[in-house]
Amino acid sequence: MVLQISGGSADFNDNGKAVDAKGNSVHKYTYVARGADGNEFIGSANTRQPPYDDFYGYNRSEIFHDGNKLHLWLKSQDSIYGVNAFKIKADGTLEDENTYFNLRYGTNILEHRIPFDPITLKYFVVKKNDVVTLKTMENEPSSLQDSDIRVEWYSVENDKRTKINAHGTSMYVGRMGNSDNGTHYQADVYYLGWDSKLNHSYTYDAYIFIDEPVFTAPDKFHLDKKAKFEVTNNTPNGAVRLKYLWEVSKDGGKTFTAIDGETSSVYEPTIESQMNGWQIRCKTWVSTGDGQKTEPTVFGPVTINFSEKAPVIVKHPQSGATNAPSQPKPVKPGEITIVIERYYFFNVEATGSEPLQYQWQESSDNGETFVDIPYTNDNSHSLKVRKENNGKLVRCVVSNEYGSVVSNAAKLTIYYSPEFTASLGNKTINSGEKATFTLPIAQGNPYGAEVMWQVSKDDGKTFADVTEADGTFSLDSKVVDGKEEWSTTFTTCATNISFNGYMYRCTVKNAENADYVGTWVSEKATLTVIRNCAVDGHIFDEGTIISEPTCIDKGVKRFNCSECSQYKDEPINPLGHDWKEATCTAPKTCKRCQATEGEPIEHSFGDYISDENGHWKQCSECGTDSQKELHAYKWNTEDGEYWQECTICGYETKKSTILKISINGTDETCPLGDYEFTFALPEGCTDVTVGFRFAGDGTELAFTEKDDLYTAKVSASDLESGTMTVYASAKLKDGFVITGEKEATVLENHVGGTATCTEKAKCKFCNKEYGDLDPTNHTGKPVWNFDSKEHEKKYDCCGEVTIEREPHEWNAGECTECGYKCTHSGGKATCTKKATCDICGSEYGDIDPNDHGKLTHIDKVDATHDKEGNIEYWYCEECGKYFGDKDSTKEIQKADTITDKLKGTPSDDKKDNSKPDKPKNDSSEIKADSSTADKPKSEQKNPQTGSGSGMSLWLAMLLISGGAAMGIKKKRKK
């Protein structure tokens, strides 16, 4: 089924110039329905209100089909952008499927097709500096439809697309330059279809080529020699076709004819005598694969002329000035400096019969004499930019077999900086003396010099200009053998040891002038200052004791100067006695000098006394114990028990059960991960040793300990297939050593574990990942992500999308798919209706009893003797209330609007013949019932459009459809 609806009013706002059957200011649309003759459709029009920037801000206005007309009434601010039409079946019911008609962009036509005409593949051949704008469609959308289009622009290079920050149906590329030649752009075009989704329509391609041909031709022609004419164009050949047509004029340019066979970019004839005076030109243009063709560019004409002439100089060499190369930078050890020569070029231009010969000459005596410069048979010559070439004159002799000519002389002026003609040597002086540095100077060009001495106090890293605190310098000259010689001298101030290692240098430059100022930097010189204790003070060492102090006598400590033979002695106070108390065997005694004081106290000791901490003896005389000694234990074991016995006093410790270390670890392990095992030790163990072995001697391992649980690892690099034994030993608090060991089998590969969508399988032994991810084994669940307009569903583990991003499916303000509840915004409440949400289309909030949007003004009608009149009043179509003012602030009753008939007998009332009597059988008459007869015309709800049969059909269809038209959009979504 194809239904094209065209004609009628335009799709833009007509400012309410139309009036519906109720007297409301509205749009009134009447479209011609092509392809349908009967009343076979019913439906609704989708409309929007300004500013048209949100797809969901639309209203629906009912339509009905009458013959070949389609009638619509829209709100005063609405504009139409589409129609839903349901076909009416023979039994009066509606077909399940409907047809949606888009508003064609930029037109007033509704069609069942894409609403725009795409532009096919385009080649743009333009000139340099042309301004280019690319378009994706022939008919541009209006402001009503602009939000239904999305265009994504890309630049394409080597089949790789890069997104551009541009979104309109057109893109301004800008002014074309050489870099734009061959550029490729693409645009993905999406449009909003009947299902309210952006659908990818097509991809638009555009190639830009710059038509910038360049023409070259000989400037001289010679008999029997070829002359090359050529047109070059940087436009890529292959993508477009470059066309050439060479033409000749033999009548002084009056007429041109094509040269047979010459259609390439090069025309290269051999010059013959009859060609003298001919004119050559070339026409070139570009054609593209889609039929485009540029206007021809005409180059020329070029006139072929040749004659035999003596040389004539048309451009003489020019005098000039330049700067000599700057001072080479100092080199580091192992580096070399390469100085590249600079040259100044002189040129001469001459005409005459070929071949022309050139001989350059130079003068060093200001033009008194000139000598030939060997090997200079060219129209240019160069002199090295060296100061010895300053002031030289250069000229050229041009000749051929018909004569010769000498050019004017040109002078070369070379500017260069003054420089030092000797090196700056290092200096060594004694502390307190002054150092003097002198450098001879050769003047530069321009004449005149300025100097500045500099000092570095950080081993040459940085230099600063000297100040009065550093010393003084001068610039001097004297005449020797009639020649002026210049030098500069710097003298330091009186030095001390802090000057040792200072570095000095000097800079010289041309005196300030308008032509040239260059700078020359001398080498740096190091100042060595020999210390003088009389100036800088002694440096004494830490001192040496030459006489030790005793308990009662002083000692002596000597300090020697490291720079000279001077020394100083300082006394050391006596130490004083360090007494030890008297015992049974000795009096009070000085521990240092053994001096005694008083008498000893005697003791008499018996047999050993012992406990768990040691043994001792006790003086039988005074009861004083002897010095307590630790037991000299030996270990004894028997019947699974161990204990210690002192070899001196025979004391035995409590017997304890011999413990074994229990090692925990897997019985198997993989060879690609570390083997970890643990064991627990009683509190206070020391001398813990851990290791492993496969055969022979074991290898010790490092370990960690936390809360008496020990952990050790055998590195994967130490593992080998087979049986491995791990072991451990430790010393208990009492010193007894306990041991333990465990065997484990080393396998050949990782084993165990399960891969998921985000993690690889982990070996059950080493816990390292191996193998590949399993994209089907998800560790999470699909969850919804949404905003106020769209939603998508994806796994919260790996982000795999299960439902692509799409608009919400609204039902009573809640998305039927993701459950998102709209927060509601926009719309406007009236006296009978709540506000309609701009996002989900649901009503929300409260009605506004003070907003009467459809307030109808009723003019005052004077009563007559036969008919009641009415006052001026206003009636709200929405809530049915009456008001006595236009601002609806004074509510009245309907009865208050009626004025009584005039009393008395009318004497001159006449019948109104301004309107013809309505025929009694007029089928268009609608009889008023008790609910409408006394209401104003604006209250009567049945619009008077078309014939009475059309109105009856419209009312019948509304009853049959049961409001189906308002649910069209949802029903179409399967």
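Predicted model: local features only at pLDDT ≥ 70, side-chain atom pairs only at ≥ 80, totals over all residues.

Student: Which residue stands opposite Val132 in E14?
Tutor: Strand E11 is joined to strand E14 (residues 170–175) by five bridges, and the two run antiparallel. Within E14, the residue opposite Val132 is Gly174.

Student: In the open sheet of three strands, which strands stand at the edges?
Tutor: The order of this sheet is E52-E53-E54, with antiparallel pairing. Each edge strand has a single partner strand, so one side of it is left without a neighbour in the sheet. The edge strands are E52 (633–638) and E54 (656–657).

Student: What is the bridge partner of Glu641 in E54?
Tutor: Strand E53 (residues 641–646) and E54 run antiparallel and are joined by two bridges. The partner of Glu641 in E54 is Thr657.

Student: Are the rings of Phe490 and Tyr504 stacked, edge-to-face or tilted?
Tutor: The structure holds 24 aromatic pairs. In the pair of Phe490 and Tyr504, the ring centres are 5.4 Å apart and the planes stand at 40°. Planes under 30 degrees apart would count as stacked and over 60 as edge-to-face, so this pair is tilted.

Student: How many residues apart are Phe490 and Tyr504?
Tutor: Both residues are buried. Phe490 belongs to strand E40 (residues 483–492) and Tyr504 to strand E41 (residues 503–510), and the pair links distant parts of the chain. Their separation is 14 residues.

Student: Which ring does the charged end of Arg161 sit over?
Tutor: A charge over a ring is found in two places here: the charged end of Lys568 sits over the ring of Phe540, 4.8 Å from its centre. For Arg161, the distance to the ring centre is 3.8 Å. The ring under Arg161 is that of Tyr154.

Student: How many disulfides does the structure hold?
Tutor: A disulfide is a covalent bond between the sulfur atoms of two cysteines. The cysteine sulfur closest to that of Cys798 is in Cys757, 3.8 Å away and too far for a bond; the cut-off is 2.5 Å. Cys798 is partly exposed, at 35% relative accessibility. The number of disulfides is zero.

Student: Where is Pro355, which a cis peptide bond joins to Glu354?
Tutor: The omega of the bond between Glu354 and Pro355 is about 0°. A cis peptide bond also joins Gly300 and Pro301, with omega about 5°, and Pro301 is in strand E23 (residues 297–303). Pro355 is in the loop between strand E27 (349–351) and strand E28 (357–363).

Student: Is Asn158 buried or exposed?
Tutor: Asn158 is not a glycine, yet its phi is positive, about 55°. Its place is the loop between strand E12 (149–157) and strand E13 (160–163). The relative accessible area of Asn158 is 73%, and the cut-off for exposed is over 50%, so Asn158 is exposed.

Notes: Residues numbered from 1 in each chain as written. Heavy atoms only, no water. Phe/Tyr/Trp six-rings, centres within 6.5 Å; stacked < 30°, edge-to-face > 60°. Helix = DSSP H or I, 4+ residues; strand = E, 2+ residues; numbered from the N terminus. Buried < 20%, exposed > 50% of the residue type's maximum accessible area, 1.4 Å probe, protein only. Lys NZ or Arg CZ within 6 Å of the ring centre and 35° of its normal. Pairing = 2+ DSSP bridges.
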